[in-house]
Amino acid sequence: MKKRVIIFILILLLFLAAGYYAFSSLSLFSGEEKNNQLPAEKSENIELTFWRNYGTKLENEAYKELISAFESSHPGISINMNAIPYGDYELRLRTEIAAGSPPDIMSIDSPNLALYANSGALLSIDKEMKEEGQIEDIPFSTLEGMKFKDEIYLSPIAESGVALFYNIDLFKKAGLPLPSQDPADPMTWGEVVELAKKINDPGNEIYGIDPGQGFSDGESPAYFKTPLLWQFGADVLSPDGATATGYLNSKHAVEALQFYQDLYHRYKVATVEMPPDPFVTGHLGMSVLGSWMLEEIERNYPDFKLGEDFGIAPLPKGDHQVTPNGGWALGISAKSKHPEEAWAFIKYMTSFEGSKKYVDITGDMPARFSVSKAFPELTAYPKNIFVQQALKYSKNRPVSPAYPVISDALKELFEDIGIGGKDVKASADKAVAKINGGLEDIDVKE
């Protein structure tokens with residue numbers, strides 16, 4: 001009898017052990033991995049593929065250094081990074097996802113999150129972020145941009161922001177006072193137009209302002225130009241994300257779009273064709289540029305100095321003060337065979353240590369309060385402008401599975417009214433129809 005009991009207990013223990021390991025395999029992260037270290041038997045000879053867009057030289061340098069540091073602390077894991085040109089990235093990533101061979105870890109521009117999450121291409125990291133991602137250290141508006149249906153799918157390594165860069169020499173030649181540097185005291189767009197008129201000298205290829213990064217490809221048009229709609233009290237979609245009707249073609253939206261068109265066709269202080277690098281070469285009085293341009297200008301144009309040759313002011317406002325936020329963040333493929341190791345990589349990259357190193361190299365804005373506190377210069381001009389705008393006045397682009405259609409429609413809309421000079425209301429109605437068509441085509445997963 002005793003022998004049978006002993007045998008029964010041994011069998012029971014074996015079943016419990018098997019159940020424990022089966023349960024552990026269902027979780028991205030087990031209790032033994034709390035210190036960002038994986039058990040040796042789980043991390044031997046594992047190669048993770050990591051895709052990201054090929055950004056600036058400083059971003060590329062930062063990623064290489066961070067990957068090297070991660071691999072040193074995780075000797076059983078190697079990261080195979082593929083940096084793809086910005087214009088090709090989304091198409092190539094979606095092609096690989098459709099083919100069933102996506103990378104383990106992918107960099108996603110936050111407004112595209114809903115597309116990938118809704119299609120089942122991304123793994124939810126909601127549990128891992130809430131338990132180990134120190135989400136209380138991330139600004140609310142930034143964290144909201146990482147969510148789809150109230151679940152976190154991405155983790156941010158840095159934040160973005162834009163401001164008004166101005167050429168001091170051109171301001172002085174026109175006898176103009178320099179703009180306020182107070183993040184809470186931006187100029188109105190009406191005031192900007194008056195300054196631009198006095199700077200404008202098309203005969204000498206000098207133009208008053210580039211209000212939204214010209215007419216580029218990719219996500220840049222939506223990122224830089226959507227804030228103008230928000231500032232005039234408009235929006236792209238209804239709050240429930242169901243329609244663009246009555247929002248992108250509303251009275252306020254038409255006012256914003258008309259103002260944008262007037263910069264090019266009525267006031268003629270903006271132009272479609274500009275000389276190369278117009279701001280740093282003295283051909284542009286004002287330009288809306290990203291926070292990352294501070295380090296880029298310092299590195300590539302060392303003789304064009306902040307405070308001497310150019311200055312920075314908060315982004316101009318309309319009826320409201322609003323700036324864009326969001327940017328590239330890291331997520332895990334739902335098809336990854338190594339989700340635990342992928343989480344370990346993301347956890348390190350977006351931790352205080354990883355983010356601090358990234359910000360130190362790139363000069364980008366931190367996505368964590370703790371990292372901001374580690375850089376005293378972020379509380380002083382000019383970086384305080386980007387930080388305060390991000391914390392107090394920023395907004396996410398629409399979170400929708402149809403976002404690629406939305407982004408493309410916004411790009412075409414601003415081209416139609418800016419380059420083509422087409423009727424503003426008709427162009428807005430055309431964009432609304434395109435977006436609504438995209439929304440109807442999306443099968444939103446429950």
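**Burial, packing and pockets**

Colleague: Why does Leu-229 count as buried?

Modeller: Leu-229 has 0% relative accessibility, and therefore counts as buried; the term means under 20% relative accessible area, against over 50% for exposed and values in between for partly exposed (1.4 Å probe, protein chains only). This is a predicted model, in which local features need pLDDT of at least 70 and side-chain atom pairs pLDDT 80 or more, while totals for chains, interfaces and linings use all residues. Residues are numbered from 1 along each chain as its sequence is written, and side-chain values use heavy atoms, without hydrogens or water.

Colleague: Which residues is Leu-229 in contact with, leaving aside its neighbours within four places in sequence?

Modeller: They are Ala-234, Val-236, Leu-248, Ala-253, Ala-256, Leu-257 and Leu-410, contact being heavy atoms within 4.5 Å. Leu-229 itself is found in helix 10, where a helix is a DSSP run of H or I with at least four residues, a strand is a run of E with at least two, and both are numbered from the N terminus. From Leu-229 to Val-254 the separation is 25 residues in sequence and 8.7 Å between C-alpha atoms.

Colleague: How do you know that the reach of helix 3 is close to the expected value?

Modeller: Helix 3 has 17 residues and spans 25 Å from its first C-alpha to its last, close to the expected 24 Å; the expected span is 1.5 Å times one less than the number of residues. Its buried residues include Leu-58, Tyr-63, Leu-66 and Phe-70. The buried residues of helix 3 pack against strand 1, strand 2 (77-85), helix 12, strand 13 (328-332), helix 13 (339-349) and helix 14 (352-362).

Colleague: What is the volume of the largest pocket, and which residues are closest to its centre?

Modeller: The largest pocket has a volume of about 1300 Å³. A pocket is an open set of points on a 1 Å grid over the protein atoms alone, where a 1.4 Å probe fits, with protein on both sides within 12 Å along at least five of seven lines; lining residues have an atom within 4 Å of a point. Of its 47 lining residues, Gln-213, Ser-220, Phe-224, Trp-292 and Met-293 are closest to the centre. Helix 3 and helix 10 are among the elements that give two or more residues to this lining.

Colleague: What makes you place the second largest pocket between two domains?

Modeller: Domain 1 (46-160 + 326-395) and domain 2 (162-324 + 401-444) both give residues to its lining, so the second largest pocket lies between them; the bounds come from an automatic or database domain assignment. Its volume is about 650 Å³. Among its 23 lining residues, Pro-239, Arg-397, Pro-398, Val-399 and Ser-400 lie nearest the centre.

Notes
Grid points are joined across faces, edges and corners, and a volume is the space filled by probe spheres set on the points.
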